[in-house]
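My entries follow in the order I made them.

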Amino acid sequence: MEALHEAVRLLAQSQRVVVFTGAGVSAESGLATFRGAGGLWEGHRVEDVATPEAFARDPELVWRFYAMRRERAWQAQPNPAHLAIAEMDRLFAQLVVVTQNVDGLHQRAGSRHVLELHGSLWRIRCTRCQRERHDEQVPLASLPPRCGACSGLERPAVVWFGESLPTKVWEEAERACSNADLMLVVGTSGVVWPAAGLVELAAATGAWVVEVNPEPSALAHLARVQLQAKAGQALPALVRQLREA
Ligand code: OAD
């Protein structure tokens, strides 16, 4: 496949690589993407249960949604795409995974440097005292959970629509993207900002962009190479050929 060879050729010349991922990278682990079929939950658009307003109105409903996502993510396993990305750690001087996903599957696959732009299902934050804690209990004992320190209402430490991205994570991501030789954009529709802006930043500062997606995304015009394939097929093939290159 011509595009695959071109992607391997560019990767073989790169030292600083950013892998930018979205829900599509976890699709083959059985986790639904946002905008595809299955993007509805209990009759709500997924985005409608991921807002501060929704949480203020009905914290229990929002928590049920996140409890379900924790349960599904907990049952899911990293797929060959996550594993290939983890293997890339060994192939480049610097490899940073910048993910919009909250499922933790990159870390479970073994990736060491993961920046979670939209937070994590596995962290919980108190809305009163802001204490944040790691929590992998599935299912949670009670919904909505309460803070052990101040009894305040806790929320998932994820970024909702209308909220800012965590500053430190964002700055680190910007740094990695503006220094990258190549950015691999995997399984994202590229329509959610500011995350999608990182691909523009990388391209504008000289990185080659390689997209892996069965459908061209909103960022496809920035891509030097497009691999129109599932991540679980394309990424292991890339890694295999890179090892042989
Ligand atoms: P989307 O659901 O918008 O897009 C998923 C993308 O994955 C689509 O472009 C699909 O074509 C592609 N895809 C599907 N199966 C794939 C596969 N096997 N291999 C590779 N690609 C595949 O998900 P995101 O772009 O991640 O934000 O959405 C971005 C943000 O919108 C999410 O982080 C979330 C959501 O609302 C927040 O919660 C803040």
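**Overall build.** I started with burial. Buried residues, meaning those under 20% relative accessible area with a 1.4 Å probe and protein chains only (exposed is over 50%, partly exposed in between), make up 53% of the 245 residues in the chain. I noted that this is a predicted model, in which local features need pLDDT of at least 70, side-chain atom pairs count only at pLDDT 80 or more, and totals for chains, interfaces and linings use all residues. Residues are numbered from 1 along each chain as its sequence is written, and side-chain values use heavy atoms, with hydrogens and water left out.

I then listed the secondary structure. The chain has eight helices and eleven strands, taken as DSSP runs numbered from the N terminus (helices H or I, at least four residues; strands E, at least two). The radius of gyration is 18 Å, close to the 18 Å of the globule rule for 245 residues, so the chain is as compact as a globular protein of that length. That radius is taken over C-alpha atoms, and the rule is 2.2 Å times the number of residues to the power 0.38. I read off the span of the C-alpha trace along its principal axes as about 55 × 30 × 30 Å.

Next came contacts, meaning heavy atoms within 4.5 Å. Of those with a separation of 6 or more, 67% join residues 24 or more positions apart.

**Ring pairs.** I found three aromatic pairs. Rings of Phe, Tyr and Trp (its six-membered ring) pair if their centres lie within 6.5 Å; planes under 30 degrees apart are stacked, over 60 edge-to-face, the rest tilted. Phe55 and Trp160 form a tilted pair, 5.2 Å centre to centre with 40° between the planes. This pair links distant parts of the chain: Phe55 sits in helix α2 (residues 52-57), Trp160 in the loop between β8 (154-158) and α6 (167-179), 105 residues apart.

I checked burial here too. Phe55 counts as buried at 7% relative accessibility, and Trp160 is buried at 2%. Phe65 and Tyr66 have ring centres 5.0 Å apart and planes at 75°, so I logged that pair as edge-to-face. Phe65 and Tyr66 are buried as well. Ring pairs link Phe55, Phe65, Tyr66 and Trp160 into a cluster.

I also found Arg155 over the face of Trp160, 3.8 Å from the ring centre. The criterion is NZ of Lys or CZ of Arg within 6 Å of the centre and within 35 degrees of the ring normal.

**Helix α4.** In α4 (residues 80-88) I listed Ala81, His82, Ala84, Ile85, Ala86 and Met88 as buried. Their cover includes β1 (16-21), β4 (94-99), α5 (105-109), β9 (182-186) and α8 (231-244). At the helix start, a side-chain oxygen of Asn79 comes to within 2.6 Å of the backbone nitrogen of Ala81.

**Asn101.** Which backbone oxygen does the side chain of Asn101 reach? I found Gly22, at 3.0 Å. A polar side-chain atom of Asn101 also lies 3.1 Å from the backbone nitrogen of Ala23. Asn101 lies in the loop between β4 and α5, and is buried at 6% relative accessible area.

**Pro144.** My last entry is Pro144, in the loop between β7 (132-134) and β8. Leaving out residues up to four places away in sequence, Pro144 touches Glu60, Trp63 and Leu153.

Note on methods:
Polar contact = N/O pair within 3.5 Å; in protein donor to acceptor, adjacent residues only side chain to side chain.
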